[in-house]
Amino acid sequence: MNLNKKKILITIYKNGAKSRKELSDILGVSKTIIGRYTKQLIEDNILIEEKETIKGAVGKPQIKLNFKKIFGKILGVHLSDKEIRGGIGSLSGEILEFGSISLEKISADLVLENLLKLIKKFIKRYKVEVISLGMNGVVDNKNGVSILSVYYNWKNVELKKILEKEFNIPVILENGTNLMALREKRNGLGKKLKNFIIFNIDEGVGAGIIVEENLYSGTKFEAGEIGHAPYDYSENAPICSCGNKGCLETYLANWRVIERVYKEKGIVLNYEEIIYRANKGETYFYNLILSLVKAISHGILWTEYLLNPEGIIITGKITECKDFFWKEVERVLNNNLLNKDKKICLLKSKYEKNAILEGAIFFGLDYYFNE
């Protein structure tokens, strides 16, 4: 794409709708050149004209240039434990067209086969210019490699290389929890925070780290794998999916709580039902959920002492627990803080099934405009 066109798009992406005169002033380019390139971008179905209506204003309404709602250039994909989800998004991260493929049987080859199938569906309908993937496990976001995915039994799978060879479209990938953090930064509770951690409790447990408004992955891309921090050192500690014993994840992950109910009560309930019954005050479930306080507080304090962020955002279905749980978490945290005069800024983000998918779209937009 022509450099001046790219600069026009970047300016609107970062600053919102702008008039031709404003673009000329910001970019230091003549109005004639701006007019020529914006005309081409409108003809290419990328930009549209919007009349700015200001209440009480006198004179002709100003014409602003903005992106079409369906930008159509970024395909976000979330490879989860049970399905592959894909979506074309707007510049605000909103998913405008969605598709998914269930993973009834999981094998390394079958997951890849279904991923290719889903991507093909979208690129037949849209001129996709970036494929942005979010997935579980350790991800080399520089070289586009899934270093380790326990769910898929992947080890050093060169996804970028495989997909770019198949589709001839740039491919980027990132750990899913990191993308949740990016979503919170762009369009959520982290919008006004420069440094924060997102603590995601789902089928696994992980953390996404934002430092000085940027994602931090660590030197070997393992930063944020807090679910595998040791928690229980006893002989009888449960075995984690990673092969180690007593990881934090073995107590907090949703499926572990479901498993515990089955072992202790002989009944199969989903996680939402367990939370619902705990919130109603049913003794067994109430005490079961309270028993998680120690583990979640351990994880929060661990991250607080290590990185001392402005805030810690909790995500996952556990956020649906009522005050009985969160007041106890707050009490344990306050009792164990080094500085008794301060409080941890603990925020709860409502559980959203498409959080990683929306984060992947933002990740793709950043790549598209910055590259």
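Mentor: Start with accessibility: buried means under 20% relative accessible area, exposed means over 50%, and partly exposed lies in between (1.4 Å probe, protein chains only). This is a predicted model; local features need pLDDT of at least 70, side-chain atom pairs count only at pLDDT 80 or more, and totals for chains, interfaces and linings use all residues. Residues are numbered from 1 along each chain as its sequence is written, and side-chain values use heavy atoms, leaving out hydrogens and water.

Trainee: Why is Cys-345 called partly exposed?

Mentor: Its relative accessible area is 33%. That value falls between the cut-offs, so Cys-345 is partly exposed.

Trainee: What makes Cys-321 buried?

Mentor: Its relative accessible area is 6%. The limit is under 20%, so Cys-321 is buried.

Trainee: How do you know that Cys-321 is in no disulfide?

Mentor: A disulfide is a pair of cysteine sulfur atoms within 2.5 Å. By this rule the count is zero disulfides. For Cys-321, the nearest cysteine sulfur belongs to Cys-345, and it is 19 Å away.

Trainee: Why does Ser-24 count as buried?

Mentor: Ser-24 has 11% relative accessibility, so it counts as buried. Ser-24 lies in helix α2 (residues 20-27). Helices (H or I, at least four residues) and strands (E, at least two) are DSSP runs, numbered from the N terminus. Contact means heavy atoms within 4.5 Å. Leaving aside neighbours within four places in sequence, Ser-24 is in contact with Val-29, Ser-30, Lys-31 and Ile-34.

Trainee: Which residues of α4 are buried, and what covers them?

Mentor: Among the buried ones are Val-111, Leu-112 and Phe-122. Their cover includes β3 (74-79), β6 (130-135) and α5 (159-167).

Trainee: What makes β3 and β6 a pair?

Mentor: Two strands pair if DSSP finds at least two bridges between them. β3 and β6 have six bridges, in the parallel sense. Val-77 stands opposite Leu-133 in β6.

Trainee: What is the strand order of the open sheet, and which strands are its edges?

Mentor: The five strands run β5-β4-β3-β6-β10, with mixed pairing. β5 and β10 (171-175) are the edge strands, as each pairs on one side only.
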